[in-house]
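I opened a new page for this structure. My entries follow in the order in which I looked things up.

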Amino acid sequence: SDSNYGMVMRTLFAISQPSGDRVFRMEAEKPDRAAASARYEALLPERIDVLLLGLGTDGHIASLFPNSQALCSTQRAVLPVEECSAAHPRLSITRKVIDNAEAIFLLAPGEAKGRVLAKALRPPMEDFMSLPVRLAMRGTWLLDEAAARQLAELDSENAQHN
């Protein structure tokens, strides 16, 4: 029930998978997660056309959690997640994949996620260690009204300070 792969297969590809597309599941449950991450990394193209990311209320994207050492990786495309905050064993794409993606879509519904985005828009913008979502700020944000309202409040605050 917590699997992103399962959610995608139940929702985006519930009826069928687009012709010519391939979907590969990250095998984070494997005992040797380093080997599993290397296998998945070998499947990835150099540049992903469309990257769809979700946002956690702590500011994480993919499974790149705040202050994770994986955020510092610039050579690898996939790494095991070592953070104890992860409820289940995970693998994650890295900053390298996000930086090289042609198009990024960031799904951030709800008031709490809107607050995270509003915080990410405040300086220091280059601090992605505390808010990994800052790695995806160039993407297209997919927000609901509750999330967008938080950004509108940030605009209102900025107007009052100027």
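Before starting, I noted one cut-off: a residue counts as buried when its relative accessible area is under 20%. I also noted that the model is predicted.

Entry on S92. I looked for S92 and found it in strand 3. Is S92 buried or exposed? Its relative accessibility is 3%, so I put S92 down as buried. I then checked the side chain of S92 and found one of its polar atoms 3.1 Å from the backbone nitrogen of S63.

I traced an open sheet of three strands, and their order is 1-4-5 with parallel pairing. Which strands are at the edges? They are strand 1, residues 50-54, and strand 5, residues 140-142, and each of them pairs on one side only. From one strand to the next, I noted an average twist of 20°. I then followed strand 4, residues 103-107, and counted three bridges from strand 4 to strand 5. For L107, I wrote down L142 in strand 5 as the bridge partner.

Entry on the largest pocket. I noted a volume of about 2000 Å³ for the largest pocket. Which of its 46 lining residues are closest to the centre? I listed N4, Y5, V8, Y40 and L52. I next looked up which elements give two or more residues to the lining, and these are helix 1 (4-11), helix 2 (33-43), strand 1 and strand 3 (91-93). Sorting the lining residues by type, I recorded 27 nonpolar, 10 polar and nine charged.

Notes:
Residues are numbered from 1 along each chain as its sequence is written. This is a predicted model: local features need pLDDT of at least 70, side-chain atom pairs count only at pLDDT 80 or more; totals for chains, interfaces and linings use all residues. Side-chain values use heavy atoms; hydrogens and water are left out. Two strands pair if DSSP finds at least two bridges between them. Helices (H or I, at least four residues) and strands (E, at least two) are DSSP runs, numbered from the N terminus. Axes are lines fitted to C-alpha atoms, for helices over the stretch in contact, and angles run from 0 to 180 degrees between N-to-C directions. On a 1 Å grid over the protein atoms alone, a cavity is a set of points where a 1.4 Å probe fits but cannot get out, and a pocket is an open set with protein on both sides within 12 Å along at least five of seven lines; lining residues have an atom within 4 Å of a point. Grid points are joined across faces, edges and corners, and a volume is the space filled by probe spheres set on the points. Ala, Val, Leu, Ile, Met, Phe, Trp, Tyr, Cys and Pro count as nonpolar, Asp, Glu, Lys and Arg as charged, and the others, Gly among them, as polar. Buried means under 20% relative accessible area, exposed over 50%, partly exposed in between (1.4 Å probe, protein chains only). A polar contact is a pair of N or O atoms within 3.5 Å; within protein, one must be able to donate a hydrogen and the other to accept it, and residues adjacent in sequence count only if both atoms are side-chain atoms.
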